Amino acid sequence: MKWIGGALIAAALLLPPFVAGDFYINLASQIFIAAIFAMSLNLLVGFGGMTSLGHASYLGVAAYLAALLTTRYGFDHGAAAALSILGTVAMAAFFGVIALRASGLGFLMITLALSQVLWGLAYRMSGITNGDNGITGMTRPEPFGISLESPVAFYWFSLTVTVIAFVLMAVFVSSSFGSSLKGVRDQPRRMAALGFNPWMIRWITFVYAGFWGAVSGLLYVYYNKYIHPTSLSTTSSAEALLGVIAGGSGTLAGPAVGAALVLLLKNYASAYIERWNMLLGLVFLFIVLVMPTGIVPGVQKLTSRFRGRSS
Amino acid sequence: MNAASPDLALEVTALNKAFGGLKVTQGVSLAVRPGERRLIIGPNGAGKTTLFNQISGDLRPNSGQIKLFGEDVTTLAPHRRAHRGLSRTYQIITLFAGDTLEHNVTLGLLGLLPSRWQMWRPLASYRHLAEEARRTLDSVGLLHLAGHPVSELAYGEKRRVELAMALSQKPRVLLLDEPLAGLSDGERKTVKALIASISKEVTVVMIEHDMDTALDLAETVTLLNYGRVIVDGERDQVIADERTREVYLGA
Amino acid sequence: MQFWIIQGLNSLSLGGLLFLLSSGFSLIFGLMRLANLTHGAFFMLGTYFGAVAMRDYSGLDLWLTAIGAGIIVAALGGLFERLVLTRLKTNPLGQVLVTLGMAFIISDACLVLWGGDSIPVPTPHNLQAPTRMFGFVFPTYRLVLVGIAVAAAIALHILIDRTRLGAMIRAGVDDRQMARAVGIPVSRLFTIVFCLGAGIAGAAGVLGGPILSAYPGLDADMLPLALIVVILGGIGSLFGAFVGSFIIGFIYTFGTALFPELAYIILFLPMIFVIAFRPQGLFGRVSA
């Protein structure tokens, strides 16, 4: 049974470049980027029990750093990518120390406040960030001399990065550290009594989640060849959180599916509705009120109730 | 008891703790020798669990000192005390309900090992840890339930798992917070036998609210009331003491 | 010198507005343990009501409009609390997420209803002339705003410290279970406090109109300020919200005037400082 599922997924991932048009291939690339972003957030939310509303900080800062280093300071892509990730991870380390002074709602508020400050900075420091105009003129890297300009090439690139991200995150959560993270999520006092250092475990996870957020930020700016302060907005963080909740925070892959759904919704809805934020808000209300554990268990519950009534 | 004696397993000196105006620990001092079986009793609200929380590091006292084998641990974080040989169980079950027994005990064993920081090898691949976990479960007669989630266990069995986890870390000082509470007669006999069989290399300090249940496990007894030590000494002396009767009959 | 005076008064008036905004937020968080992310949107809704009402019906009094907007926003808040928030009593994370969702809905609704251009709110006629004091010139409206904030602070203080309702609120903040156990109608209290917080925010929105104008994104500008005030001043402490509001008012105003590009970082710093050394805020009773 598992083989069939795996084969289907592999087919779904490998076929598009051969059968689909450019629009759908590009959409798929965007889905991969959103998937990495959401999965990295879920390391915090689902596995660590720390709900953050400021995850866009890492995507946005990495994207801005890469854009600035290449377009304004002439760095080559390899160096720019490395420096962006380093810079963003350092920021995550710093933010983690601040945010982890609190837990639960306090943690949430601090992450939100921090990311809003970054968003405000992106608008105000127009000398550096170009403010509301954003930074244009970004080019895509050429790993091993291969151009990523075509949608198909970028698709393979983002698929590869996503698979690597997924595998590494899977290794992380099933390792002894990952088990200790889940333990700290469930019973922090007992874990401390057993000899685990809850703060350190949470902080390391925070930084690791920021790392993958940065990776998704790099892919984001490579794809769009453009970066704007909205990437740092609460809406951006909220979309990822919605993906996590909709897909289910209990698994590694769930948020990837959820992120895909959110992105597809955004894409199709924007053809009919102008106001995405309002729809996003309504979807939030719907999911939290009707399907708080995620779409899959939610749908199961609804269909079993339906079946129960008709039988 | 000589206050400067370095061979005390656990030494508490003039511990004070207040929450706002409420004084929950007032000038408490304890001297527990290595291998001793100490029972701390007292009516509800006497401050027994609060005392434990300060000894384990979950709570910071306002003043006073706590020494573990001569080392001052008063301001040490709880996880560091675990590394100094302190282990404890809780009044409420704090096991990982959704996980298997084996996983619970394995996690317990991991707490003191450097490999707890390992981020690339799956926990499941640590064969020797799994074996040790199974051995621990066997020692409390629960090996047959190793693959079952903790949520499926009876209350008494959960208590035995907790005890097994605490013991598997080979602690020097073991704090048991009401280990017999809520158990049926049969379960109580089993857990008491387990506690009685703990090696003398482990110093055991136990809290019990109900005096009678745990008395035969104790060598020495400390009676607490309103956060103060009322009586402290050999078991039979404390039982016979006037003040003990006052506290329990007056309550 | 005039520059410093003006900036000083601007700081005070911003601080006053922030107090009106964050007092509600702090009360709601303190009592209901809910980080109400809709709060910025409530404020903005008030500003839009005020701006549109006064634009379409000339001759409307600012003060009455503020009260009217406050009542409407309070009612909306109450509906939201009853219909949505009470269903999520066991899901605190869910509660926060729906307040976020609601904020998105409200802010987009404002965009749909009233367009993307900013709508100014006129200063009341009798307050348009500047005041001359001690040889300096002060914008009168801003002086009045500070006065209103202080009056509101006193009124809230009396409410919380001297009335039965306030006693129940304080009990609920300290220990919700206990309050329920002694017969305090905690559910009803939640609705009252939520309405109160939302209403004050809505009224404050109108009062802030002459200074800020109604524009899309006002909610996203105000919410983080309220968050930082509450983190700084401590949750559940009205006095902390008062002090914190004016500190942030000063930092933000002088920061924007002197180092416009870095104003946000300057806001950032006291917050980090406080979190690092006193995570419960300057005067907080409830730890974040």
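Helices (H or I, at least four residues) and strands (E, at least two) are DSSP runs, numbered from the N terminus. By that convention, chain B contains nine helices and 10 strands. The structure is a predicted model, in which local features need pLDDT of at least 70 and side-chain atom pairs count only at pLDDT 80 or more, while totals for chains, interfaces and linings use all residues. Residues are numbered from 1 along each chain as its sequence is written, and chains are lettered from A and ligands numbered from 1 in the order in which they are written.

**Confidence**

- The model scores ipTM 0.88 and pTM 0.89.
- In chain C the mean pLDDT is 86, with 97% of the residues scoring at least 70; pLDDT is the predictor's confidence in each residue, from 0 to 100.

**Overall form of chain B**

- The radius of gyration of chain B is 19 Å, close to the 18 Å that the globule rule gives for 251 residues, so chain B is as compact as a globular protein of that length. The radius is taken over C-alpha atoms, and the rule is 2.2 Å times the number of residues to the power 0.38.
- Along the principal axes, the C-alpha atoms of chain B fill a box of roughly 55 × 40 × 35 Å.
- Of the 251 residues in chain B, 44% are buried. A residue is buried if 20 or more other C-beta atoms lie within 10 Å of its own, exposed if 12 or fewer, and partly exposed in between, with C-beta atoms placed from the backbone.
- Among contacts in chain B with a separation of 6 or more, 68% join residues 24 or more positions apart. Two residues are in contact if their C-beta atoms, placed from the backbone, lie within 7 Å.

**Strand β8 of chain B**

- All five residues of strand β8 (residues 203-207) of chain B are buried.
- On one side of β8(B) lie B:T203, B:V205 and B:I207, and on the other B:V204 and B:M206, so that both faces are covered. In a regular strand the side chains alternate between the two faces of the sheet.
- Strand β3 (residues 37-41) of chain B pairs with β8(B) in the parallel sense over four bridges, and B:R37 has B:V204 as its bridge partner in β8(B). Two strands pair if DSSP finds at least two bridges between them.
- Strand β7 (residues 173-177) of chain B also runs parallel to β8(B), joined by five bridges; here B:D177 is partnered by B:I207.

**Domains of chain B**

- Chain B is divided into domain 1 (1-85 + 171-251) and domain 2 (93-170), with bounds from an automatic or database domain assignment.
- The C-alpha centres of domain 1 and domain 2 of chain B are 26 Å apart.
- Their contact takes 13 residues from domain 1 of chain B and 12 residues from domain 2 of chain B.
- On the domain 1 side, α2 (78-83) and α6 (185-196) of chain B each supply at least two residues, and α6(B) gives the largest share, four residues.
- That side comprises eight nonpolar, four polar and one charged residue. Ala, Val, Leu, Ile, Met, Phe, Trp, Tyr, Cys and Pro count as nonpolar, Asp, Glu, Lys and Arg as charged, and the others, Gly among them, as polar.

**Contact between chains B and A**

- Chain B contributes 23 residues to the contact and chain A 19 residues.
- On the chain B side, α2 and α3 (101-110) of chain B each supply at least two residues, and the largest share, four residues, comes from α2(B).
- By class, the chain B side has 11 nonpolar, eight polar and four charged residues.
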